[in-house]
Amino acid sequence: MRFNEDLIKWTKHSSLIHWIQEMVKLCRPDQVHLCDGSQEEHESVCAQMVRSGTFIPLNEQKRPGSFWCHSDPNDVARVEDATFICSKRKEDAGPTNNWKDPEEMKKMLLGLFSGCMRGRTLYVIPFSMGPLGSPSSRIGVQVTDSPYVVASMYIMTRMGRSALKALGEENFVPCLHSVGVPLEPGQKDVSWPCSSTHKYIVHFPEERSIMSYGSGYGGNALLGKKCLALRIASVIGRDEGWLAEHMLILGLTSPQGEKKYFAAAFPSACGKTNLAMLKSELPGWKFECVGDDIAWMRFDQDGSLRAINPEAGFFGVAPGTSFKSNPNAMLAIAKNSIFTNVALTLDHDVWWEGMTDTPPAQLTSWLGKPWTPNDQTKAAHPNARFTAPAKQCPVMDPAWEDPKGVPISGLIFGGRRSSVTPLVCESFNWEHGVFLGASLSSEITAAAAGEIGKQRHDPFAMLPFCGYNMGDYFAHWLELGKKHPGPKLPKIFYVNWFRKGTDGKFLWPGFGENARVLKWIFERVKGQDNADVTPIGLIPKKDALDFSGLKLSQEALQELFDVKPEEWRKEVEDLRKYFSIFKDRLPSGITDQLSQLESRLK
Ligand code: SAT
Ligand code: MN
């Protein structure tokens, strides 16, 4: 095939050339396309999807350069049951990951991949997670038969020839992906091909490679994101002494002009994107965004924890996003964006629940069917997504692409808890903070296929994303704090925007008002003496949280910070049971913290 000539012109990386040739032999595509990453190429891939019926172009006047598409109704979220960590030893994947012997898994997958791209084009996407050429960045090369993936990776990563150049002859992460629907001669394609029988999202942490089969959806198919930047990167971070986390990164500037950066972990679809680009309701306090989903963090020589955002775009939950809840996201998606599983308006713009108070009178639903407000179903899927270039967000931090990363002063964990945990609390120290991260639990959201609303433990919001034994991961966190003691070690906080009152309603307005909580956190990292000690951690002293201009009843305030010992004793019991799944891989630091919490509650 002709691509070989280009390939050797583009790179001298012999094992990369060999790997690509092997993948072509295995998958047997009709054509091979090496992605150069140019805008012309992006436009032509999108135009081709318009011709094939995958994409509908949006109204050029309203949303230039943008497209609407809807997936197969069975391919709308990450498939955690079908996600595997295939380390050599089962214990190294740990009790929170699905595991299969790597040799067996590979054998089975090679069977599935064999000839899986017949009738299709195989695209080769070299991509950089992290700014091009930054020593903290990692290069992956994804082979895929999905043009939707190519167009999305163009937005989400730095991809193409520049990434190959940055790679030089260093190691890369091989990422093989197929939608798993070969086309027989004359067979007509569907608009969203995916396998109805086999889905596998598989990671080989020792050889640092990824194979994903059968799904075209975001987290299953854009392999730079959850697969590389979290699951594989967490393993690399463990081995090299840094952290790959499911965290947004934001910069906060006080009215006095002082700036601090924070990184915050929340499970998928718990408001990370909203917090990352928050429009402050507090006069004078300015928020800027470095990233909305993933942080790679390492300590520098001065003992500062520095964070980079490995991504170049946002793959955010659309429903609930509006000019009220997140105006900066709305501006970021004003052009050059891809919308998946939202509703389409008659004049070819997009709509979703929560975008406006009243829905348009007539829509095409995410299922591609006519929809009116009388319909009982939702017009957009609850996990519908926008894909938009980060640089279009009006509040990107000036340092968001700084290869050195930004210095982190505080780390924040949060989950969706209707009771028990208060609006905000601060850990007593690093070890206690790691315990707070490990104790995170949250209600399941539509971001993953599963029982929505059910409470589950989601340590560090990394449950679906940690590429090794979660017990070892806790130990890694504890170890890093020990290695880097001193004034620059970030303080650790826990927040809960989702606590409900006895009436079942949210106690806290959330969104822009979360700025008030961030302000207290800012003051705490500056060393302000405005916290009270409780058995579970430090909470704001009375009147230390700025509630100016906010209508909040005295009872609501009381309930937001209520620490009920009997509830917390239950929590301890539940955590003890949960942590026992890690057996001998649970570090003593965590058990010590649990016992200390228990005795403080007495
Ligand atoms: O995993 S995705 O990238 O599809 C979104 C998420 O769950 O955070
Ligand atoms: Mn996420």
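**Close-up 1. Strand β10 is covered on both of its faces.** In this predicted model, Ser 209, Met 211 and Tyr 213 sit on one side of β10, while Ile 210 and Ser 212 sit on the other, and all of them are buried. If you follow the strand through residues 209–213, you will find that five of its five residues are buried.

**Close-up 2. Strands β8 and β10 run parallel.** Here the view takes in β8, which spans residues 173–178 and is joined to β10 by four bridges. A handy pair to look for is Cys 175 with its bridge partner in β10, Ile 210. Ile 210 is also one of the buried residues in the view of the two faces.

**Close-up 3. Strands β9 and β10 make a hairpin.** Strand β9 covers residues 200–204 and runs antiparallel to β10, with five bridges joining the two. To get your bearings, find Ile 201, which stands opposite Ser 212 of β10. Four residues lie between the two strands. Do take a look at Arg 208 in that turn, where phi is positive, at about 55°.

**Close-up 4. Domain 1 meets domain 2.** The domain assignment gives domain 1 as 2–241, domain 2 as 244–313 + 397–601, and domain 3 as 353–380. Between domain 1 and domain 2, the contact takes 37 residues from each. The C-alpha centres of these two domains are 32 Å apart. Together they bury about 3,200 Å², with 54% of that area on carbon and sulfur atoms. Which three residues supply more of the area that domain 1 buries against domain 2 than any other three? They are Arg 78, Thr 96 and Leu 230, which supply 18% of that area.

**Close-up 5. Salt bridges and polar contacts link domain 1 and domain 2.** Six salt bridges are counted between the two domains, along with 22 residue pairs in polar contact.

**Close-up 6. Helix α9 gives the most to the side of domain 1 that touches domain 2.** How many residues come from α9? This helix gives 12 residues.

Note on methods: Residues numbered from 1 in each chain as written. Chains lettered and ligands numbered in written order. Predicted model: local features only at pLDDT ≥ 70, side-chain atom pairs only at ≥ 80, totals over all residues. Heavy atoms only, no water. Buried < 20%, exposed > 50% of the residue type's maximum accessible area, 1.4 Å probe, protein only. Pairing = 2+ DSSP bridges. Domains from an automatic or database assignment. Contact = heavy atoms within 4.5 Å. Buried area = accessible area lost by both parts, 1.4 Å probe. Salt bridge = Lys/Arg side-chain N within 4 Å of Asp/Glu carboxyl O. Polar contact = N/O pair within 3.5 Å; in protein donor to acceptor, adjacent residues only side chain to side chain.
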